[in-house]
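Hi,

Here is the structure I promised to pass on.

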Amino acid sequence: MTGSAPSESAALPEALAEIRHDFLDLGVKDRLQLLLEFSNELPELPARYADHPDLLEQVVECQSPVFIFVEIDDGLVHLYATAPRESPTTRGFASIVAQGLDGLTVDEALGVPDDYPQTIGLVEAVSPLRIRGMTALLGRAKRQIREKSAA
Amino acid sequence: MTVDRDPSPKFSEYAHPERLVSTDWLAEHLGDEGLVVVESDEDVLLYEVGHIEGAVKLDWHTDLNDPVQRDYVSPERFAELMRERGISPDTTVVVYGDKNNWWAAYALWVFTLFGHSDVRLLDGGRAKWEAEGRGFTLDAPDVATAEYPVPVRDDSVVRAFRDDVLAHFGSPLIDVRSPEEYDGSRTTAPAYPEEGALRAGHIPSAKNVPWGKAAADDGTFRPLAELDAIYRDGAGLASGDDVIAYCRIGERSSHTWFVLHHLMGFENVRNYDGSWTEWGSAVRVPIATGSEPGEAPVAAAR
C-alpha cells in the first residue's frame with residue numbers, strides 16, 4: 001500500500017506537520033474544538049476578490065459554497081478561501097489548507113501528499129465522508145497552483 | 001403525544017400536521033416538560049457555534065450510522081444515544097437543522113425506523129429561527145439522563161433495499177438528485193467528489209424531482225397545492241401509489257419521504273438509503289441515462 005504517514009512526514013512542510021501534530025495530540029472530541037478554532041481563524045477575503053463576485057465559481061447544488069483562490073507571488077503560494085459562517089466545518093478545512101500552504105514554493109505545495117487530510121486524526125471526529133471534502137479542497141488548490149504557475 | 005401539537009393553520013392542510021412545529025410554537029414551548037429539541041446538521045460543527053437554548057446535538061454521520069457496516073446503529077446504541085440526550089420513548093422530539101432541514105428530516109426518518117412515536121420537524125429549520133432573530137446560545141444543555149428501553153428497529157415499512165427496488169419496477173420511483181446526476185453527466189454532486197459510484201445515470205423509470213423543490217425560499221415547506229403541482233402533476237404520482245425515493249446516500253430522499261408521507265399523505269413511501277452510491281456500483285442492475293426516465297424493466301419476483 002502507498003501513502004503511509006511516517007514516510008511522508010520527512011517531506012511535509014513545517015506548518016502542515018505542526019497542524020497534524022496539534023490534532024493528533026488531542027482526544028477525538030477536542031479535535032472538533034481545534035477545528036472550530038481553525039474555522040474562526042479563516043480571514044475575510046481580500047477586497048480585490050470580495051469586490052469581484054464574477055470570480056466566484058458557483059456551485060450548483062445545496063452544499064456549502066466554498067471558494068478558493070490561489071495567488072502566486074514571487075514563486076510563493078498564497079491561498080485565499082471563503083465559506084459561509086453557516087458552514088464552520090468547511091471553513092475549518094479551508095483554513096487548515098490555507099494556513100498549511102501559505103508561503104510555500106510551488107514545488108513544496110505540489111509535493112504535499114494528497115492524503116494529508118486523512119492523516120490528521122479528523123476521520124474519527126467528523127466521519128470519513130466529510131474528510132473527503134477537505135481532500136477535494138486540497139486537490140483543487142493544487143490544481144489551481146499548477147494552472148497558475150504554468151501561466 | 002406528550003406536548004400539544006402546533007395548531008398553526010398552515011399545517012392543517014397537511015396529512016400529518018402533528019409532524020411539524022413553527023418557530024413561534026417552539027419559542028413558546030422551549031423548556032416544556034416532555035419536550036427535547038434536537039439539532040441535526042450537515043455541518044458537524046454548526047451546533048458548536050450556537051444552538052437553540054436547551055437543544056442537544058445528534059450528528060447524522062457519527063451518531064446515527066454504524067461506524068463499520070453500512071447501516072444504521074444497533075437498537076442498543078440507539079437506546080444509549082436517547083438516554084444520553086435525555087429522551088425517553090414518550091418524549092416529544094423536535095428536530096431542526098441547517099440546509100432546509102435536509103439532515104433533520106434524515107434524523108427524523110431514523111427515529112421512525114426505531115419506532116419513536118412523537119418526532120416533529122421545525123418548519124424552516126435553523127435558518128428561519130436565525131432569520132427571525134430568535135438567538136442561539138453557546139451554553140451546553142443541562143441534560144438529565146433518561147430511560148430508553150432497547151427498541152426494535154423495523155426496516156420493513158419506510159426503508160427499501162436494493163432487492164425491494166428490483167421488485168418495485170412498474171411502481172413510481174422518485175430520484176431527488178440534481179438533473180446532472182440524474183441524466184448521467186456526472187456521478188457525484190458537484191462538491192462531493194468522493195460520494196460517487198462506478199456508473200452514472202438513474203434507476204430506469206424514476207422521475208427526477210430534486211429534493212429542494214419542496215422547500216420555499218425561507219426554508220419552510222411549500223403549501224399542499226404547490227406540492228401537488230410538483231409531485232402529482234409534475235411527477236405523475238397518484239393517491240394510493242406505492243413510492244420509493246432515493247438520492248445518493250439516502251439523506252436527501254428522507255426529506256422527500258417526509259414530504260410525500262407526512263405532508264401529502266401517501267401511505268406507502270419508502271426511502272432507498274443505499275441509493276445511487278449502491279445502485280451505480282452494483283453489478284447487473286439496470287441503469288438509464290439521459291433526461292428521460294426510460295422504460296421500467298420487468299419487476300423481479302419477490
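A definition before anything else: I call two residues in contact when they have heavy atoms within 4.5 Å. With that in hand, take B:Leu166, which sits in helix H6 (residues 162-166) of chain B. Apart from neighbours within four places in sequence, B:Leu166 is in contact with B:Trp279, B:Pro286, B:Val298, B:Ala299 and B:Ala300. Its C-alpha atom is separated by 17 Å from that of B:Gly250, a residue 84 places away along the chain.

Some housekeeping. This is a predicted model, where local features need pLDDT of at least 70 and side-chain atom pairs count only at pLDDT 80 or more, while totals for chains, interfaces and linings use all residues. Residues are numbered from 1 along each chain as its sequence is written, chains are lettered from A and ligands numbered from 1 in the order in which they are written, and side-chain values use heavy atoms, with hydrogens and water left out.

Chain A

Chain A has eight helices and two strands; these are DSSP runs numbered from the N terminus, with helices being H or I of at least four residues and strands E of at least two. Along the sequence the order is α-α-α-α-β-β-α-α-α-α. Of the 151 residues in chain A, 48% are buried. Buried here means under 20% relative accessible area, exposed means over 50%, and partly exposed is in between (1.4 Å probe, protein chains only).

The accessible surface of chain A is about 7700 Å², and carbon and sulfur atoms account for 52% of that. The areas come from the Shrake-Rupley method with a 1.4 Å probe, and for residues only the protein chains shown count as cover. As for contacts in chain A between residues at least 6 apart in sequence, 65% join residues at least 24 apart.

There is also a patch of negative charge on the surface, where A:Glu14, A:Glu18, A:Asp22 and A:Asp25 gather. Patch members have over 30% relative accessible area and no salt bridge, and like charges are joined within 9 Å (for nonpolar side chains, that is Val, Leu, Ile, Met, Phe, Trp and Tyr, the limit is 5 Å). Asp and Glu count as negative and Lys and Arg as positive, with His and the chain ends not counted. The place of a charge is NZ of Lys, CZ of Arg, CG of Asp or CD of Glu. One of the four, A:Asp22, is in helix H2 (residues 14-24) of chain A and is partly exposed at a relative accessible area of 35%.

Salt bridges

How many salt bridges does the structure hold over all chains? The total is 31, taking a salt bridge as a side-chain nitrogen of Lys or Arg within 4 Å of a carboxyl oxygen of Asp or Glu.

One of them joins the side chains of B:Glu42 and B:Lys99 (2.5 Å, N to O). B:Glu42 is in the loop between strand E2 (35-39) and strand E3 (56-57) of chain B, and B:Lys99 in the loop between strand E4 (92-96) and helix H4 (102-113), so the pair ties together parts 57 residues apart in sequence. Both B:Glu42 and B:Lys99 are buried. B:Lys99 also has a positive phi, near 50°, and is not a glycine.

Another pair is B:Asp273 and B:Arg159 (2.6 Å, N to O). This one links distant parts of the chain, 114 residues apart: B:Asp273 is in the loop between strand E10 (268-272) and helix H10 (275-279) of chain B, and B:Arg159 in strand E6 (residues 159-160). B:Asp273 is buried at 9% relative accessibility, and B:Arg159 is buried at 2%.

B:Asp155 and B:Arg153 pair up as well (3.0 Å, N to O), with B:Asp155 buried at 17% relative accessibility. Finally, B:Asp63, B:Arg77, B:Glu80, B:Glu84 and B:Arg85 are linked in a network of salt bridges.

B:Thr256, in helix H9 (residues 252-263) of chain B, is buried at 0% relative accessibility. Leaving out residues up to four places away in sequence, B:Thr256 touches B:Ile174, B:Val176, B:Trp211, B:Tyr231 and B:Ala245.

B:Arg284, in the segment after H10, is exposed, with a relative accessible area of 83%. Phi of B:Arg284 is positive, near 65°.

Cheers
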